[in-house]
Amino acid sequence: MKISVSRIKQHDVDHFEEVYKFYMPVLHRFAQQYTYDAETAKDLVHDAFLWVWNNADKIRENGNLAALLFR
């Protein structure tokens with residue numbers, strides 16, 4: 001999937017939803033490896049996406065959004 005940081009910065013809801021649907025399962029499995037709890041992992045992933053949405057202006061245009069989400 002090609003992530004457009006500029007579209008995220010413009011609060012393009014459709015693009016953000018595509019990114020969410022693509023990365024949510026992968027991030028959930030990743031978080032669950034550390035939390036051992038599905039609900040906690042889900043909350044952490046939602047928090048990460050919420051941070052991206054609320055702080056889109058802080059993300060560099062050439063930044064790696066996937067790496068940011070995994071961090």
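H28 is found in helix 2, where helices are DSSP runs of H or I with at least four residues, numbered from the N terminus. The model is predicted: local features need pLDDT of at least 70, side-chain atom pairs count only at pLDDT 80 or more, and totals for chains, interfaces and linings use all residues. Residues are numbered from 1 along each chain as its sequence is written, and side-chain values use heavy atoms, with hydrogens and water left out.

With a relative accessible area of 17%, H28 is buried. Buried means under 20% relative accessible area, exposed means over 50%, and partly exposed lies in between (1.4 Å probe, protein chains only). Not counting residues up to four places away in sequence, H28 touches A38, A41, K42 and V45; contact here means heavy atoms within 4.5 Å.

One of these partners, K42, sits in helix 3. K42 is partly exposed, at a relative accessible area of 34%. Leaving aside its neighbours within four places in sequence, K42 is in contact with M24 as well as H28. K42 and R29 are 13 residues apart along the chain, and their C-alpha atoms are separated by 9.1 Å.

Helix 3 covers residues 38–54 and also holds D43. D43 has a relative accessible area of 45% and is partly exposed. On the surface, D43 gathers with D37, E39 and D47 in a patch of negative charge. Patches are made of residues with over 30% relative accessible area and no salt bridge; like charges are joined within 9 Å, and nonpolar side chains (Val, Leu, Ile, Met, Phe, Trp, Tyr) within 5 Å. Accessible areas come from the Shrake-Rupley method with a 1.4 Å probe, and for residues only the protein chains shown count as cover. Asp and Glu count as negative and Lys and Arg as positive, while His and the chain ends are not counted. The place of a charge is taken as CG of Asp, CD of Glu, NZ of Lys or CZ of Arg.

Opposite charges also pair up. A salt bridge is a side-chain nitrogen of Lys or Arg within 4 Å of a carboxyl oxygen of Asp or Glu, and by this rule the count comes to two salt bridges. In one, E17 is joined to K21, with the closest N and O atoms 3.1 Å apart. E17 and K21 are four residues apart in helix 2 (residues 13–35), so about one helical turn separates them. E17 is partly exposed at 38% relative accessible area, whereas K21 is exposed at 56%.

The other salt bridge links R7 with D12, and their closest N and O atoms are 2.9 Å apart. R7 counts as partly exposed at 32% relative accessibility, and D12 counts as partly exposed at 21%.

The loops remain. Most residues other than glycine have a negative phi, and most peptide bonds are trans. H11 is not a glycine, yet it has a positive phi of about 55 degrees. H11 lies in the loop between helix 1 (5–9) and helix 2, and counts as partly exposed at 36% relative accessibility. Y36, also not a glycine, has a positive phi of about 60 degrees. The loop between helix 2 and helix 3 contains Y36, which counts as exposed at 72% relative accessibility.

Notes
Helix = DSSP H or I, 4+ residues; strand = E, 2+ residues; numbered from the N terminus.
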